[in-house]
Amino acid sequence: MWCPYQCPPVEPWDCPERQAVGKTCGGFNTIITVAVNDDHQLLGWHLLAGNVAKWKGTPKLLEGMRPSVVVAPNDHDNNRFRQILWLRLIQAAIPNHSRRKRRYPEHSAIKLQRVADSVIARLKRFRRVGTRYEKTSEGYDAVVALAALWIALLRDHPEQTGG
């Protein structure tokens, strides 16, 4: 297995890329980037280490999808990400960062950012998703998948409360 961090092949579990854990000011963290439709349905997610820029996971997340508009927070506002979206013929609904000199016009879909935030909040209500007990990214990805499945099942059958 190739690793960009040049980890030894003998111990792949020690590789930060495999664990999707990165050192931040608050400790070791993992970022979950989500793709959501406007009906609050989770379409996909991608795990990133906490010390990686959030926008770097979004192109990998969009590989199998063909959206017309991508709504993202202002930490995704950089020229490289906007160019990736432009080359794929996707409109960018990203608020301008405060330090941006060349301002882009506001898109009406920016209001939909709350949809992704609410889906992430629903995922993090599950204790194992919010605290990340799993060591490898495969285990954590499986826990996120179980939480997403549970949310989808409760959405289809609201009379079931679980327990």
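**Labels and their grounds**

Reply: Let us begin with the hairpin of β2 and β3, where 5 residues lie between the strands and His 40 takes a positive phi near 65°. Please keep in mind throughout that this is a predicted model.

Me: What makes β2 and β3 a pair of strands?

Reply: Two strands pair if there are at least two bridges between them, and 7 bridges join β2 to β3 (residues 42–49), with the strands running antiparallel; β2 and β3 therefore count as paired.

Me: Why is Arg 132 called buried?

Reply: Buried means under 20% relative accessible area, and Arg 132 has 14% relative accessibility, so this residue counts as buried. Arg 132 sits in the loop between α5 (127–131) and α6 (137–156), and its phi is near 55°, a positive value in a residue other than glycine.

Me: And why does Leu 89 count as exposed?

Reply: The label exposed requires over 50%, and because Leu 89 reaches 69% relative accessibility, the residue counts as exposed. Leu 89 also has a positive phi, of about 60°, although it is not a glycine, and its place is in the loop between α3 (79–87) and β5 (91–93).

Me: What makes a residue part of the lining of the largest pocket, and which residues lie nearest its centre?

Reply: Lining residues have an atom within 4 Å of a point of the pocket, and 32 residues line the largest pocket, with Val 34, Ala 35, Val 36, Val 71 and Ala 116 nearest its centre. The elements that give two or more residues to this lining are β2 (27–36), α2 (58–61), β4 (69–71) and α4 (113–124), and β2 gives the most, with 7 residues. The volume of this pocket is about 780 Å³.

Me: How do you know which of the residues in the lining of the largest pocket are nonpolar?

Reply: The division goes by residue type, and Val and Ala, for example, count as nonpolar; on that basis the lining divides into 20 nonpolar, 7 polar and 5 charged residues.

Me: How many helices and strands does the chain have, and in what pattern do they follow along the sequence?

Reply: The secondary structure comes to 6 helices and 5 strands, which read along the sequence as α-β-β-β-α-β-α-β-α-α-α. Of the 163 residues of the chain, 34% count as buried.

Definitions and conventions
Residues numbered from 1 in each chain as written. Predicted model: local features only at pLDDT ≥ 70, side-chain atom pairs only at ≥ 80, totals over all residues. Heavy atoms only, no water. 1 Å grid on protein atoms, 1.4 Å probe; cavity = no way out; pocket = protein on both sides within 12 Å on 5 of 7 lines; lining within 4 Å. Points joined across faces, edges and corners; volume = space filled by probe spheres on them. Helix = DSSP H or I, 4+ residues; strand = E, 2+ residues; numbered from the N terminus. Buried < 20%, exposed > 50% of the residue type's maximum accessible area, 1.4 Å probe, protein only.
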